[in-house]
Amino acid sequence: MKTFIQSLPKVELHIHIEGSLEPELLFSLAQRNQISLPYASPEALRKAYEFEDLQSFLDIYYQGAGVLQQKQDFYDLTWAYLQRCKQDNVIHTEIFFDPQTHTDRGVAFETVIEGIDAALKAGQQQLGISSNLIMCFLRHLSEEQAIETLRQALPYKDKIVAVGLDSSELGHPPEKFQRVFEQAREQGFLTVAHAGEEGPAQNIVDSIELLGVSRVDHGVRCVDSESLLARLIASKMPLTVCPLSNIKLCVFDNMQQHNIVELLRQGVAVTINSDDPAYFGGYMTDNFNAVANAHTITMQELAQFTINAIEASFISDSQKQAYRLLVDRYLEKAALI
Ligand code: ADE
Ligand code: ZN
């Protein structure tokens, strides 16, 4: 199963680029930008990655992002992530970035997006990995700040496919961002939102009804509402689930308790994603392996995660068809072995 998973074509739909900042790169960027760190070494930093909930992670994650200052830093960060994609046979990825994490520190929006975008173009040309970029609003900040961020993004519309909503879910419900999401949709952006990670099932309902999302990020708390579950199945609403993240942030006690396989079998359009791989112990292949090790699951079911992700992605229908064919061929080949 391990080799099947390693070579399975994968599509990632939930990765925060700032969450792919490995301690080694974090240290080398700190040195390059002459920033002193409160840790002695990358190993010491990694040891601090013990979280009890989402907020305890976010505090360390925003601190780590402080080493990102120049366009080259954002390029190097994104390029390092794309190398991991290549190793894991990720053929397409849709990447979140949090501009406010950087603009609030005085880094220009342009610096952030141009660094990331240049690396994504190189990833397409040199590694054959296709990608889309999703701009997230930080939900612990105000609606006005989100509106200002949307304004800053307008000159880069051609580089951003959708807007999203991340950061502290508790206390910051979807309705707080209803107007800015409406403005984003008017500007032609698609929308997604983190919901039902730590927050209630109602946040999933509200993300669908008030924010008009095309997919829900996490969404694992949907099981708390039978009517929502039925609605997700009937509407084929995709959930971008992040198994290792959910264990690291104590959303589930352990991987055996995780509901992703049950949701798949109930017909929910669940996908597997890494969220913040540098902090949660693994990239795409690691997440697939963690699920397969904790649950009895078939190759067909594992491939279904990729098929669901292709369907849920923001690529053209012809690109979707080409990628589905890759998975079909891969499954046919695997059946012969
Ligand atoms: N930002 C980065 N990772 C996140 C997560 N898992 N939930 C909410 N906001 C995030
Ligand atoms: Zn996330």
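Biologist: On a 1 Å grid over the protein atoms alone, a cavity is a set of points where a 1.4 Å probe fits but cannot get out. How many of 30 Å³ or more does this structure hold?

Modeller: First, this is a predicted model: local features need pLDDT of at least 70, side-chain atom pairs count only at pLDDT 80 or more, and totals for chains, interfaces and linings use all residues, while side-chain values use heavy atoms, without hydrogens and water. Residues are numbered from 1 along each chain as its sequence is written, and chains are lettered from A and ligands numbered from 1 in the order in which they are written. Grid points are joined across faces, edges and corners, and a volume is the space filled by probe spheres set on the points. The number of cavities of 30 Å³ or more is one.

Biologist: Which residue does UniProt list for "active site"?

Modeller: UniProt positions are in the numbering used here, feature names are shortened, and annotations may be inferred rather than shown by experiment. The listed residue is in the loop between strand 5 (190–195) and helix 10 (201–211). The unreviewed entry gives Glu-197.

Biologist: Is Glu-197 buried or exposed?

Modeller: Not counting residues up to four places away in sequence, Glu-197 touches (heavy atoms within 4.5 Å) several residues, including Leu-54, Glu-169, His-218 and Asp-275. Buried means under 20% relative accessible area, exposed over 50% and partly exposed in between, with a 1.4 Å probe and protein chains only. The relative accessible area of Glu-197 is 4%, so Glu-197 is buried.

Biologist: How far apart are the end C-alpha atoms of the UniProt domain, residues 9–327?

Modeller: The record, an unreviewed entry, places "domain: Adenosine deaminase" at residues 9–327. That span is 51% helix and 15% strand. Its end C-alpha atoms are separated by 6 Å.

Biologist: What distance separates the end C-alpha atoms of helix 5?

Modeller: Helix 5 covers residues 71–87, which makes 17 residues. The expected span is 1.5 Å times one less than the number of residues, so helix 5 should span 24 Å. The model agrees, with end C-alpha atoms separated by 25 Å.

Biologist: Which residue just after helix 5 takes a positive phi?

Modeller: Within helix 5, the buried residues include Phe-74, Leu-77, Tyr-81 and Cys-85. They pack against strand 1 (10–16), helix 2 (23–32), strand 2 (90–97), helix 6 (99–103) and helix 7 (109–127). Past the end of helix 5, a phi of about 60° belongs to Asn-89.

Biologist: What is the relative accessibility of Asp-88?

Modeller: Asp-88 lies in the loop between helix 5 and strand 2. Its C-alpha is 7.2 Å from that of Ser-7, 81 residues away along the chain. Among the residues that Asp-88 touches are Gln-6, Lys-10 and Tyr-283. Asp-88 counts as buried because its relative accessibility is 9%.

Biologist: Turning to the pockets, about how much space lies in the largest one?

Modeller: A pocket is an open set with protein on both sides within 12 Å along at least five of seven lines. Helix 7 and strand 3 (130–138) each supply at least two residues of the largest pocket's lining. That lining has four nonpolar, four polar and four charged residues. The space is about 210 Å³.

Biologist: Which helix gives the most to the lining of the second largest pocket?

Modeller: This pocket holds about 170 Å³ of space. Its lining has six nonpolar, two polar and two charged residues, with Ile-307, Asn-308, Glu-311 and Ala-312 among them. Four residues come from helix 16.

Methods. 1 Å grid on protein atoms, 1.4 Å probe; cavity = no way out; pocket = protein on both sides within 12 Å on 5 of 7 lines; lining within 4 Å. Nonpolar A, V, L, I, M, F, W, Y, C, P; charged D, E, K, R; others polar.
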